[in-house]
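I wanted a plain record of what I looked up in this chain.

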Amino acid sequence: MPKLTMTRRNALGGLLGAAFVSRLAAAPVKGPNIVFIFCDDLGFGDLGCYGSKIRTPNLDRMATEGIRFTNFSSADPVCSPSRAAVLTGRYPTKVGVPRVLFPTDPGGLDLDEVTIANMLKHQGYKTKCIGKWHLGRSDEYLPTSRGFDEYFGIPYSNDMTPRVLLRNTEVIEDPADLDTLTKRYTDQAKDFIRKSKGSPFFLYMPHTFPHIPLGASAQFRGKSAEGLYGDVIEELDWSVGEVLRAIKENGLDENTLIMFSSDNGPWYQGSPGKLRGRKNTTYEGGVREPFIARWPGRIPKGRVSNQLCSLLDVFPTVAALCGGKLPAKPLDGIDLWPLFSGQKQSMDREMLLYFNVWDLQCARWGDWKLHVARFNTAAYVPPPVGGVHNFALPHPELYNLAQDPDESYDVAPAHPEIVARMQAKIAAMLPGFPEPVQKAYAESKARPVDPATPVGAWPRPAPPK
């Protein structure tokens with residue numbers, strides 16, 4: 001992966017962001033409680049209601065009591081960018097998080113970006129983040145500086161060192177015990193729900209798992225038929241059940257929207273659900289995610305939607321439901337409430353772009369997906385001689401995902417008008433992205449490719465003259 005230099009944003013940006021939030025003129029509105037449970041590296045096919053043999057009765061029940069989406073896309077095929085998109089409703093390449101962040105990185109999510117927590121806190125909500133943050137390690141980038149009253153969790157991926165567990169900004173365990181982590185996250189969530197029941201609240205619960213290395217408590221270890229990975233998923237499902245139970249026992253069922261999803265496709269274990277690709281690829285297996293939403297009495301039971309939706313849509317949906325003022329910077333997502341509530345069965349939306357770091361690789365418009373560029377190697381293998389580069393495909397590939405969800409049959413030759421229309425839309429959208437995106441795309445198109453490369457093959461650099 002190309003080296004990326006991150007520029008440290010100083011505390012002034014945070015002050016500017018806070019000042020902007022303070023100017024969002026509106027009296028606090030008592031809206032619904034919002035709970036968003038977010039897994040790490042969970043595959044599209046890892047839940048029972050999405051075809052898995054792993055036992056997930058609580059999530060399956062949540063789906064039957066609400067709505068389940070079958071065409072829900074992440075905003076990026078890796079961790080940090082996806083989380084940035086959830087919290088801001090904007091493409092990660094626009095908010096300073098185009099790649100995975102590491103503990104030694106000085107920066108993080110741009111400090112002048114308004115998060116969901118900033119917006120809801122202004123509305124009078126209590127806010128807490130429990131789990132993996134991964135949007136900057138220094139104090140000014142941690143949840144307690146980004147609109148959350150409290151934080152408990154590992155601030156980045158559990159394969160990074162030092163693997164510290166934080167309470168707010170204080171290290172309370174080093175290294176964090178992975179086997180007890182899901183239970184402790186769950187206890188924290190139940191305690192927050194109980195203490196916050198007199199006020200509207202926002203619980204953001206980005207679990208550490210099933211990111212590798214895996215950990216499970218004695219109650220679940222060795223109990224599934226799918227090895228340790230299955231044990232981890234079953235414990236995560238148990239955790240969801242405990243959160244649902246806490247909401248009900250505290251009399252909050254009819255005023256709480258709970259949503260569940262994951263940041264990107266599975267890594268070395270887990271199922272992409274017969275989709276092509278895995279984590280760190282822009283094939284569907286790397287970006288399509290489970291998404292379930294439940295709100296008794298407000299979301300009709302047992303609905304399944306195949307409409308194209310995105311993690312970018314979480315922010316605008318929550319803002320509309322809670323009466324939150326949208327930030328000055330335009331959002332890239334849409335309000336999904338008409339789909340949640342059954343008011344609409346379909347919605348028009350802007351074409352979605354799929355990036356890997358700064359590099360544009362695909363575009364999605366309805367059922368159509370256009371591949372325009374690709375790296376010259378697969379993910380998680382030694383880089384080729386000369387390094388990893390993004391190459392424009394000599395022949396863009398077009399897939400109809402309604403008929404061909406695993407992207408096996410390129411139909412571009414049969415639909416040149418669709419290809420041309422999507423390419424024109426890409427050209428119209430790119431000026432709205434930061435300069436590194438535009439530069440990277442121009443460089444991808446300028447790299448020489450062997451014209452004999454067959455359609456669908458990895459691009460090969462032209463031989464030196």
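The entries below start with conventions and then follow the order in which I looked things up.

**Conventions**

I worked on a predicted model, in which local features need pLDDT of at least 70, side-chain atom pairs count only at pLDDT 80 or more, and totals for chains, interfaces and linings use all residues. I number residues from 1 along each chain as its sequence is written, and side-chain values use heavy atoms, with hydrogens and water left out.

**Entry 1: the whole chain**

I took helices (H or I, at least four residues) and strands (E, at least two) as DSSP runs, numbered from the N terminus. The chain has eleven helices and 15 strands. Its radius of gyration is 21 Å, close to the 23 Å that the globule rule gives for 465 residues, so the chain is as compact as a globular protein of that length. That radius is taken over C-alpha atoms, and the globule rule is 2.2 Å times the number of residues to the power 0.38. I also noted the span of the C-alpha trace along its principal axes, about 70 × 50 × 45 Å.

For burial I used relative accessible area with a 1.4 Å probe and protein chains only: buried is under 20%, exposed is over 50%, and partly exposed is in between. Of the 465 residues, 60% count as buried. The chain exposes about 18000 Å², and carbon and sulfur atoms supply 55% of that area. Accessible areas come from the Shrake-Rupley method with a 1.4 Å probe, and for residues only the protein chains shown count as cover.

I counted a contact when heavy atoms are within 4.5 Å. Among contacts between residues at least 6 apart in sequence, 68% join residues at least 24 apart.

Which residues of helix α2 (residues 57-64) are buried? I found Asn58, Leu59, Met62 and Ala63. They cover an arc of only 140° around the axis, which puts them on the same side of α2. The arc is that of the directions from the helix axis to the C-beta atoms. Their cover includes β2 (67-73), α6 (227-249), β8 (256-262) and β9 (288-294).

Next I looked at Thr56, in the loop between β1 (33-39) and α2. Thr56 is buried at 1% relative accessibility. Not counting residues up to four places away in sequence, Thr56 touches Asp46, Leu47, Gly48, Cys49, Ile233 and Asp237.

**Entry 2: Arg288**

Arg288 is in strand β9. Is this residue buried or exposed? Arg288 is buried, with a relative accessible area of 7%. Leaving out residues up to four places away in sequence, I list among its contacts Phe44, Thr70, Phe72, Leu275 and Pro405. A polar atom of the Arg288 side chain lies 3.4 Å from the backbone oxygen of Thr70. My rule for a polar contact is a pair of N or O atoms within 3.5 Å; within protein, one must be able to donate a hydrogen and the other to accept it, and residues adjacent in sequence count only if both atoms are side-chain atoms.

**Entry 3: salt bridges**

I defined a salt bridge as a side-chain nitrogen of Lys or Arg within 4 Å of a carboxyl oxygen of Asp or Glu. By this rule I count 29 salt bridges. Glu284, Arg288, Arg364, Lys369 and Glu407 are linked in a network of them.

Asp149 forms a salt bridge with Lys121, with the closest N and O atoms 2.2 Å apart. Asp149 is in the loop between β3 (126-130) and β4 (150-153) and Lys121 is in helix α4 (residues 116-122), so the pair ties together parts that are 28 residues apart in sequence. Asp149 is partly exposed at 33%, and Lys121 is partly exposed at 41%.

Glu150 and Lys128 also pair, at 3.4 Å from N to O. Glu150 lies in strand β4 and Lys128 in strand β3, so this pair ties together parts that are 22 residues apart in sequence. Glu150 is partly exposed at 34%, whereas Lys128 is buried at 4%.

Arg194 and Asp191 form a salt bridge with closest N and O atoms 2.6 Å apart. Both lie in helix α5 (residues 181-196), three residues apart, about one turn of the helix.

**Entry 4: Ala319**

Ala319 lies in helix α8 (residues 314-322) and is buried, with a relative accessible area of 3%. Ala319 and Gly31 are 288 residues apart in sequence and 9.9 Å apart in space, C-alpha to C-alpha.
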